Amino acid sequence: MKCIYMCLIAGLISSGILIAKELPEPYRSVDILPFDDHGWFAQNNRIRLEYIIDKLKPKVVVELGSWLGASTIFMAEKLSEGAILYAVDNWNQQGSAGVQNNPLWSSKLKTLYQSFLSNVIHKKMTQIVIPIRMDTLEAARALNITAELVYVDASHEEEDVYNDIIHWYPHLDIGGILRLEGTFSFRLGGDGLDIYANASLVLEPIGSVDVTGWLRIDSQGLVALIDISLDLSFGESIGLEFSASARLEINTTSSGQEVPTSNTDPDDPSSGSGTPRVILPGFLLRIEGSINFLGFASLYL
Ligand SMILES: C[S@@+](CC[C@H](N)C(=O)[O-])C[C@H]1O[C@@H](n2cnc3c(N)ncnc32)[C@H](O)[C@@H]1O
């Protein structure tokens, strides 16, 4: 009799029922439902996220759009010790039109949040996953957090995705993953400062871009001419193939400004040959080339 009692307790502990009291909120208050593995977490995304998490070893991750937690739990399981993942979702019982029109998906709506919390409990990720039940933009305004990785998978409407990126970009800590390597020449003369750069901008773990350019800051304003070309392997690790180059022109002064030609010796501004280029006031970004997404779609610029 004693053995049956002990075995029953052990069973309850392993199923997570007795330890529910020790769970942090909001997990503690939930009536646990059976595990539900439904989701839209594609194999391509798994491979790329695993690669990025392995390389970046982020301490803070934000996920926008968690549904029942398929991607949430996958990422949480890959994080290093002490890392946390904020799962931002409104877990709205209305659902989008696409969800409402599918009987299987819409059947999940009534208990969506409860199922998400239950799934995280079943997978023992409650110390890592912090649910934020808010609209994504509301959360971007309300939360004072910085993350090394923000996974955007909430609404898939073009405008919503754009807004999620714009609102969450300021929360992204890129300090640890951006590196500038190369040669920089500075020349202080007249009333301003000239900077010549011949460098690589390394964006871990995606790849590097070559940056050559010139920038002048003086009493009239800022003038810059920067050429950027992407290394052939840029983006390969996350399934993107770029063949693109870009030219950025900035002139904040009120008149056209002459730029030193590319063969000008920074130490001798009069040494360049060829017709000097003039940058007109304003901002110009010209991108040429193509981007291939995951081998199934191409964007030509
Ligand atoms: C495509 S599902 C997420 C799928 C999930 N990442 C997975 O791997 O299974 C989109 C989720 O985003 C949530 N969502 C959509 N628009 C939102 C918004 N504006 N704010 C917060 N959550 C939103 C929905 O409730 C839904 O759970």
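**Questions on the model**

Reader: How many bridges join E7 to strand E8?
Author: Strand E8 comprises residues 221-230, and E7 and E8 run antiparallel. Helices (H or I, at least four residues) and strands (E, at least two) are DSSP runs, numbered from the N terminus, and two strands pair if DSSP finds at least two bridges between them. The number of bridges joining E7 to E8 is 10.

Reader: What kind of model is this, and how are its residues numbered?
Author: The model is predicted, so local features need pLDDT of at least 70 and side-chain atom pairs count only at pLDDT 80 or more, while totals for chains, interfaces and linings use all residues. Along each chain, as its sequence is written, residues are numbered from 1.

Reader: Which residue of E8 is the bridge partner of Asp 210?
Author: A hairpin of 2 residues links E7 to E8. Within E8, the bridge partner of Asp 210 is Ser 229.

Reader: Which residue in E7 stands opposite Ala 197?
Author: Strand E6 (residues 192-203) pairs with strand E7 (residues 207-218) in the antiparallel sense, over 11 bridges. E6 and E7 form a hairpin with 3 residues between them. The residue of E7 opposite Ala 197 is Gly 213.

Reader: Which residue is the bridge partner of Glu 63 in E2?
Author: E2 is joined to E3 by 5 bridges, and E1 and E2 also pair in the parallel sense over 5 bridges. On the E3 side, Pro 131 stands opposite Ala 87. The partner of Glu 63 in E2 is Ala 87.

Reader: Is Val 88 buried or exposed?
Author: A residue is buried if 20 or more other C-beta atoms, placed from the backbone, lie within 10 Å of its own, exposed if 12 or fewer, and partly exposed in between. Val 88 lies in strand E2, where 5 of the 6 residues are buried. Because Val 88 has 26 C-beta neighbours inside 10 Å, it counts as buried.

Reader: What is the C-alpha to C-alpha distance between Val 88 and Pro 131?
Author: Two residues are in contact if their C-beta atoms, placed from the backbone, lie within 7 Å. Beyond four places in sequence, the contacts of Val 88 include Val 62, Glu 63, Ile 132 and Met 134. Val 88 and Pro 131 are 43 residues apart in sequence, yet their C-alpha distance is 6.2 Å.

Reader: Is Tyr 169 buried or exposed?
Author: Tyr 169 is placed in the loop between helix H8 (158-168) and strand E5 (178-189). Its C-alpha atom is 9.7 Å from that of Thr 146, 23 residues away in sequence. Because Tyr 169 has 11 C-beta neighbours inside 10 Å, it counts as exposed.

Reader: What percentage of the residues of the protein count as buried?
Author: The protein contains 8 helices and 13 strands. Of its 301 residues, the share that counts as buried is 23%.
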